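Here is a friendly briefing to read alongside the model. Please keep the sequence and the structure open as you go.

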Amino acid sequence: MLQTIDLRGRTLSASELLAAVPRAEMAREAALTAAAQIVHDVAARGEQALREQAERFDGVTDHSLRVPASHLDEALAALAPEVRAALDEAIVRVRAASAAQVPPPTTTELAPGARVVQRWQPVRRVGVYVPGGKAVYPSSVVMNVVPAQVAGVSVVALASPPQREFGGRIHPVILAAARLLGVDEVYAMGGAGAIGALAYGVPSLDLDPVDVVTGPGNNFVAAAKRAVAGLVGTDAEAGATEILIVADDSAQPALVAADLISQAEHDEQASAVLVTPSVELAERVSAELTIRQPRTRHAERVAAALSGPQSAIVLVDDVDQAIAFSNAYAPEHLEIHLSEPRVDDFVNAGAVFVGDHAPVSLGDYLAGSNHVLPTGGQARYASGLSASTFLRPQQVIEYDRAALADVRDAIVTLARAEALPAHGEAVEARFED
């Protein structure tokens with residue numbers, strides 16, 4: 001089911017490691033072109049483009065693009081008590097972990113009367129995207145909205161695809177989660193078009209442009225974020241999900257197989273990768289996959305993901321080579337199943353799950369960590385969604401006359417050296433009689 005990539009007996013450079021990483025590049029390239037066209041169509045034609053896209057992609061017409069408050073109230077009233085209890089617990093845990101991500105203001109005294117204050121200002125308005133295609137993601141409502149609220153964001157606008165089976169409404173569990181968190185600006189629109197609408201605004205819907213767009217989605221959603229980057233801030237491009245498991249012969253094959261399947265069920269483009277120096281473990285995991293895949297609810301979807309070019313078993317000489325491969329891959333989710341975890345050596349990952357009792361599923365729901373994470377290798381330079389996503393560091397400079405006088409000559413000297421004498425003159429003006 002999974003292809004095998006054998007790297008044993010080879011000393012690979014950083015570029016060769018990157019070339020060995022299994023990815024479905026064609027899917028991403030096609031998504032970039034299509035998503036940009038969809039975003040630009042929404043920017044040009046607004047609501048009409050969104051309605052045409054809903055009919056084309058979601059099979060929905062004549063629905064309420066801006067969700068009435070009554071839909072939110074009805075969804076929360078109908079929410080199963082056990083689901084509400086689980087969401088409430090997730091909210092508590094994510095709120096606690098997110099609060100630790102807000103830096104306190106700091107003041108640096110450089111000299112008497114000279115200080116620089118570092119403060120963190122929240123953006124005013126955020127657009128949150130919650131997927132709603134092959135699965136339902138009320139957990140993504142929690143993961144996006146709670147950090148924004150903790151950061152101090154004033155307004156959160158939420159978008160999720162309309163569902164044909166619910167008469168063009170957003171899935172009721174997503175609506176209920178939004179109501180639980182006090183989000184009342186909600187739009188039934190999906191995919192790249194929703195990202196474009198949040199970024200550009202749609203006057204006929206009273207949808208004002210946001211400052212930052214966040215949220216997971218498929219490759220088209222991730223590509224749409226790239227299309228609007230620069231117009232608005234975005235989190236990392238969280239496209240089709242990835243799991244990379246580094247394991248040695250101490251790992252339990254059944255758990256490894258179960259965790260690979262758990263992420264493969266998201267989407268046919270999901271990536272599931274096992275990296276191991278143990279041929280025996282690789283064979284036992286393959287056998288477990290053969291047993292477990294037909295039994296799972298989304299068996300066909302899982303089979304497509306596991307057999308795709310983005311998924312593989314990677315055989316390596318030793319744990320050192322496994323670590324090097326993992327850092328080159330920079331997975332969204334990294335699971336470590338090693339007798340000696342060596343967590344500090346794994347430097348590139350969206351989130352790291354250590355040991356038998358920390359599956360990715362824990363992070364998806366109730367670990368307290370955030371499940372909106374960078375994909376496609378972006379974990380080499382980008383982080384997952386957090387309260388800091390919605391914060392901007394600002395410096396406040398306060399100098400009195402004496403403190404400015406102490407650096408007056410140095411400023412004038414540097415201004416002249418840069419052929420910008422008016423800079424120095426602006427300082428000198430403060431000491432004229």
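This is a predicted model: local features need pLDDT of at least 70, side-chain atom pairs count only at pLDDT 80 or more; totals for chains, interfaces and linings use all residues.

Residues are numbered from 1 along each chain as its sequence is written, and side-chain values use heavy atoms, with hydrogens and water left out. Helices (H or I, at least four residues) and strands (E, at least two) are DSSP runs, numbered from the N terminus.

- Five strands make up an open sheet with parallel pairing, in the order S6-S5-S4-S7-S8; two strands are said to pair if DSSP finds at least two bridges between them.
- At the edges are strand S6 (185–188) and strand S8 (233–234), each of which pairs on one side only.
- Strand S4 (residues 125–129) and strand S5 (residues 155–160) run parallel and are joined by five bridges; Val128 has Leu158 of S5 as its bridge partner.
- Helix H8 (residues 191–200) lies across S4, S5 and strand S7 (212–214), running at about 175° to S4. Angles run from 0 to 180 degrees between N-to-C directions, and axes are lines fitted to C-alpha atoms, for helices over the stretch in contact.
- H8 is mostly covered, with nine of its 10 residues buried. Buried means under 20% relative accessible area, exposed over 50%, and partly exposed in between (1.4 Å probe, protein chains only).
- Among the buried residues of H8 are Ile195 and Leu198, along with Gly191, Gly193 and Gly196.
- Gly201, with a positive phi near 85°, follows H8.

- S12 pairs in the parallel sense with strand S9 (residues 242–247) over five bridges, and Leu244 has Leu334 as its bridge partner in S12.
- S12 also pairs in the parallel sense with S13, over four bridges; here Ile336 stands opposite Val354 of S13.

**Two buried histidines**

- His333 belongs to strand S12 (residues 333–337) and counts as buried because its relative accessibility is 3%.
- The side chains of His333 and Glu332 make a polar contact (3.4 Å). A polar contact is a pair of N or O atoms within 3.5 Å; within protein, one must be able to donate a hydrogen and the other to accept it, and residues adjacent in sequence count only if both atoms are side-chain atoms.
- Leaving aside neighbours within four places in sequence, His333 is in contact (heavy atoms within 4.5 Å) with residues including Thr241, Leu244, Phe353, Val360 and Asp364.
- His371 sits in the loop between helix H14 (360–365) and strand S14 (391–399), and counts as buried at 11% relative accessibility.
- A polar atom of the His371 side chain lies 2.9 Å from the backbone oxygen of Asp364.
- Not counting residues up to four places away in sequence, His371 touches Ser139, Ser140, Met143, Glu332, Gly363 and Asp364.

**Helices H4 and H7**

- Helix H4 (residues 69–78) and helix H7 (residues 172–180) pack at an angle of about 100°, with their axes 8 Å apart.
- H4 and H7 are therefore roughly perpendicular to each other; this word covers angles of 65 to 115 degrees, with under 35 roughly parallel, over 145 roughly antiparallel and the rest oblique.
- Leu72 and Leu76 of H4 are among the residues making the contact, as are Leu175 and Arg179 of H7.

**A hairpin and positive phi angles**

- Strand S2 (residues 106–111) and strand S3 (residues 114–122) pair in the antiparallel sense over five bridges, with Thr108 opposite Val116 of S3.
- S2 and S3 form a hairpin with two residues between them, and Gly113 in the turn has a positive phi of about 80°.
- Asp62, a residue other than glycine, has a positive phi near 55°. Asp62 lies in the loop between helix H3 (47–58) and H4 and is exposed, with a relative accessible area of 78%.
- Arg342 is not a glycine either, yet its phi is positive, about 50°. Arg342 is found in the loop between S12 and strand S13 (351–354) and counts as partly exposed at 33% relative accessibility.
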